[in-house]
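Work through the following exercises with the sequence and the model side by side.

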Amino acid sequence: MIPSQLEIVKRLSELSRLLDAATDEVAVLDEDAVRAKQANEVAYARAFLAADGPMDARKAQAVIVTADAALAMELAQAKHRACRERIRTLGVQIEVGRTMSAATRSQFSAEAVGQWT
């Protein structure tokens, strides 16, 4: 069943609000991801420089010391990617709504109005 023109307009309006909110959110998440990456890189460098021993041992020690920062970075990047995917999905849903709206308008204009058959 094709939704009514009013239902389509309401849904498109809702999707538009969701898209605005997601666009604002992705900007915040992008900054969070950049800050988390920078914090991880600095923590790793400090841990590496503070470690003793051969190169491989210092690298391993730095990875262990910065595991929490690395996880925080990965999670921040995952949230950012998820929000970008939500924005893409909202865009597709808006396009579907526009198509449905056009189909509803075409159906309405093709119907015989006021004519008895």
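**Exercise 1. Find which residues make up the largest nonpolar core, and which elements they come from.**

Step 1. A nonpolar core is a set of buried Ala, Val, Leu, Ile, Met, Phe, Trp, Tyr and Cys residues joined through side-chain atoms within 4.5 Å, where buried means under 20% relative accessible area, exposed over 50% and partly exposed in between, with a 1.4 Å probe and protein chains only.

Step 2. The largest such core has 7 residues in all, namely L15, A22, V26, L29, C83, L90 and I94. Helix 1 and helix 3 are the elements that give two or more residues to this core, and helix 1 gives the most, with 4 residues. Helices are DSSP runs (H or I, at least four residues), numbered from the N terminus.

Step 3. The model is predicted, so that local features need pLDDT of at least 70 and side-chain atom pairs count only at pLDDT 80 or more, while totals for chains, interfaces and linings use all residues. Residues are numbered from 1 along each chain as its sequence is written, and side-chain values use heavy atoms, with hydrogens and water left out.

**Exercise 2. Describe helix 1 by its span and its buried residues.**

Step 1. Helix 1 covers residues 5-50. It has 46 residues and reaches 66 Å from its first C-alpha to its last, which is close to the 68 Å expected at 1.5 Å a residue; the expected span is 1.5 Å times one less than the number of residues.

Step 2. The buried residues of helix 1 are I8, L15, A22, V26, L29, A33, A36, N40, A47 and F48.

Step 3. Take L29 from this list and leave aside its neighbours within four places in sequence: L29 is then in contact (heavy atoms within 4.5 Å) with K79, H80 and C83.

**Exercise 3. Decide whether N40 is buried or exposed, and say what it touches.**

Step 1. N40 has its place in helix 1, and because its relative accessibility is 10%, it counts as buried.

Step 2. Apart from neighbours within four places in sequence, N40 is in contact with T66, A69, A70 and M73. The C-alpha atoms of N40 and L71 are separated by 8.9 Å, although the two residues are 31 residues apart along the chain.

**Exercise 4. Locate the aromatic pair and classify its geometry.**

Step 1. Rings of Phe, Tyr and Trp (its six-membered ring) pair if their centres lie within 6.5 Å; planes under 30 degrees apart count as stacked, over 60 as edge-to-face and the rest as tilted.

Step 2. The structure holds 1 aromatic pair. Y44 and F48 form this pair, with 6.4 Å centre to centre and 15° between the planes, and it is stacked.

Step 3. Both residues lie in helix 1, and Y44 and F48 are 4 residues apart, about one turn of the helix. Y44 is partly exposed, with a relative accessible area of 29%, whereas F48 is buried, with 16%.

**Exercise 5. Examine some of the salt bridges and where their partners sit.**

Step 1. A salt bridge is a side-chain nitrogen of Lys or Arg within 4 Å of a carboxyl oxygen of Asp or Glu, and the structure holds 5 of them.

Step 2. In helix 1, E14 and R11 are 3 residues apart, about one turn of the helix, and their closest N and O atoms are 3.2 Å apart. E14 is partly exposed at 34% relative accessible area, and R11 is partly exposed at 37%.

Step 3. R88 and E85 are 3 residues apart in helix 3 (residues 67-110), and therefore separated by about one helical turn; their salt bridge has its closest N and O atoms 2.7 Å apart.

Step 4. E95 and R98 meet in a salt bridge at 2.6 Å, N to O. E95 is partly exposed, with a relative accessible area of 41%, and R98 counts as partly exposed at 49%.
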